[in-house]
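Reader: I've just opened this one and I'm new to it. Could you walk me through how its features get their labels?

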Amino acid sequence: MTDVLVARDLARTYGDTVALAGVSLSVGEGEVLGLVGPNGAGKTTLVRALTGTTDAEGAVELFGESSRTVNRSRIGLLPQSFDPPARLTARELIEYYAGLYDHTRDVAAVLSDVGLEDATGTAYEDLSGGQQRRVCVGTALVNDPDLLVLDEPTTGIDPAGRRAVWRLLEGLADTGTTIVLTTHYMAEVERLADRVGLLSDGELLALDAPQALIDEYGGQTRLVIDLDGEPQTTPSIGFETTRSDGRLVVHDVSPTEIGAVVDRLTDSGITPASLTWREPDMEDVYLELTGTAVGHGGDPLDPTELEAASPVAADGGER
Ligand SMILES: Nc1ncnc2c1ncn2[C@@H]1O[C@H](COP(=O)(O)OP(=O)(O)OP(=O)(O)O)[C@@H](O)[C@H]1O
């Protein structure tokens with residue numbers, strides 16, 4: 001696979017804060033790379049360093065050239081903070097950004113791709129937060145980029161709109177577009193990313209395919225126990241047990257030991273309301289590597305979000 005992006009030893013500090021502590025990675029043509037990590041991990045700084053929008057030590061090559069000299073029209077960038085002129089309509093905004101390039105995609109097709117065909121005449125300031133974010137995604141697509149870099153593309157978008165963006169990105173990846181995206185949604189990288197980079201304190205802790213990360217860091221299948229009330233303490237039942245979101249999680253337990261777990265909980269005065277047998281996932285990888293659960297902005301998604309998606313609602317329903 002040809003490398004579209006190669007970064008070596010990227011480092012960036014702000015005063016005493018180490019935002020990037022020497023990150024190296026490469027992204028192959030048509031690959032989708034997801035970057036995850038807690039707030040302040042360095043994701044945005046890495047995206048900015050990769051796209052030449054902040055100064056950083058180290059080297060970045062895009063399409064075999066320096067990021068400073070590369071033809072910028074081959075790149076689509078959605079920054080985390082992006083405030084386009086608010087009085088322009090969705091269509092006018094896409095047209096405006098299309099006007100910056102010689103070769104562009106069809107404006108109506110871009111609006112349709114991001115699920116805004118019924119809101120093309122609405123001023124940006126009158127769109128819902130999720131619709132606004134979809135317009136912003138559209139501005140990053142309009143130049144038909146070979147490399148698309150998206151900093152939290154689906155933050156603030158409701159589940160239906162998020163799935164629509166996922167389908168859009170899957171379609172682009174299928175036709176060879178290389179994509180780098182940051183997200184707080186583990187379901188997003190599990191679904192979209194060929195490889196996931198996990199950042200913490202400016203360091204790239206791991207970089208691999210989601211399933212490879214889950215196999216290496218996700219731990220064993222576990223038993224999740226819902227209780228009638230909040231567990232006040234973690235009971236000592238002879239199995240490694242943790243508390244999470246008001247539930248008990250029993251680790252490294254085999255199916256034949258479930259009865260023993262229930263008996264010992266009952267002996268401890270705890271009555272399970274329900275038991276769930278759960279495979280490890282990216283949230284477990286995240287917890288294992290960063291020491292924190294997926295938190296702000298990354299609440300676990302409903303499992304149905306991973307299923308085949310329905311068309312996005314015309315009004316977005318995201319206010
Ligand atoms: N312009 C800046 N001036 C000062 N400090 C900055 C600046 N940009 C980033 N930082 C700091 O660098 C560190 C990494 O920030 P960055 O925005 O890259 O993290 P992030 O992983 O994108 O976080 P989030 O998930 O909250 O968006 C943080 O400690 C942040 O406060």
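Author: Happy to. Let's begin with a term: a nonpolar core is a set of buried Ala, Val, Leu, Ile, Met, Phe, Trp, Tyr and Cys residues joined through side-chain atoms within 4.5 Å. Buried means under 20% relative accessible area, while exposed is over 50% and partly exposed is in between (1.4 Å probe, protein chains only). The largest such core here has 35 residues, and those with the most contacts inside it are Val135, Leu148, Leu150, Leu169 and Ile179. Elements that each supply at least two residues of this core include α4 (129–141), β7 (147–151), α5 (159–174) and β8 (178–182). The most comes from α5, with six residues. There is also a second, separate core of 24 residues, with Leu20, Leu25, Leu35 and Val47 among them.

This is a predicted model, where local features need pLDDT of at least 70 and side-chain atom pairs count only at pLDDT 80 or more, while totals for chains, interfaces and linings use all residues. Residues are numbered from 1 along each chain as its sequence is written, and side-chain values use heavy atoms, with hydrogens and water left out.

Reader: What makes something a helix or a strand, and how many are there in the chain?

Author: Both are DSSP runs numbered from the N terminus: helices are H or I with at least four residues, strands are E with at least two. By that rule the chain has nine helices and 14 strands.

Reader: Why is the chain called as compact as a globular protein of that length?

Author: The radius of gyration is taken over C-alpha atoms, and the globule rule is 2.2 Å times the number of residues to the power 0.38. For 319 residues the rule gives 20 Å and the chain has 22 Å, which is close, so the chain is as compact as a globular protein of that length. Along its principal axes, the C-alpha trace spans about 70 × 45 × 40 Å. Buried residues make up 48% of the 319.

Reader: Why does Leu5 count as buried?

Author: Its relative accessibility is 0%, so Leu5 counts as buried. Leu5 is in strand β1 (residues 3–14). Contact means heavy atoms within 4.5 Å. Neighbours within four places in sequence aside, Leu5 is in contact with Leu25, Ser26, Val27, Leu50, Glu61, Leu62, Leu147 and Val180.

Reader: And which residues does Leu148 contact, leaving aside its neighbours within four places in sequence?

Author: Among them are Gly76, Ala140, Leu141, Leu169 and Ile179.

Reader: How many positive and negative side chains does the chain have?

Author: Lys and Arg count as positive and Asp and Glu as negative, with His and the chain ends not counted. That gives 23 positive and 54 negative side chains. Taking each charge at NZ of Lys, CZ of Arg, CG of Asp or CD of Glu, the centres of the two sets lie 4 Å apart.
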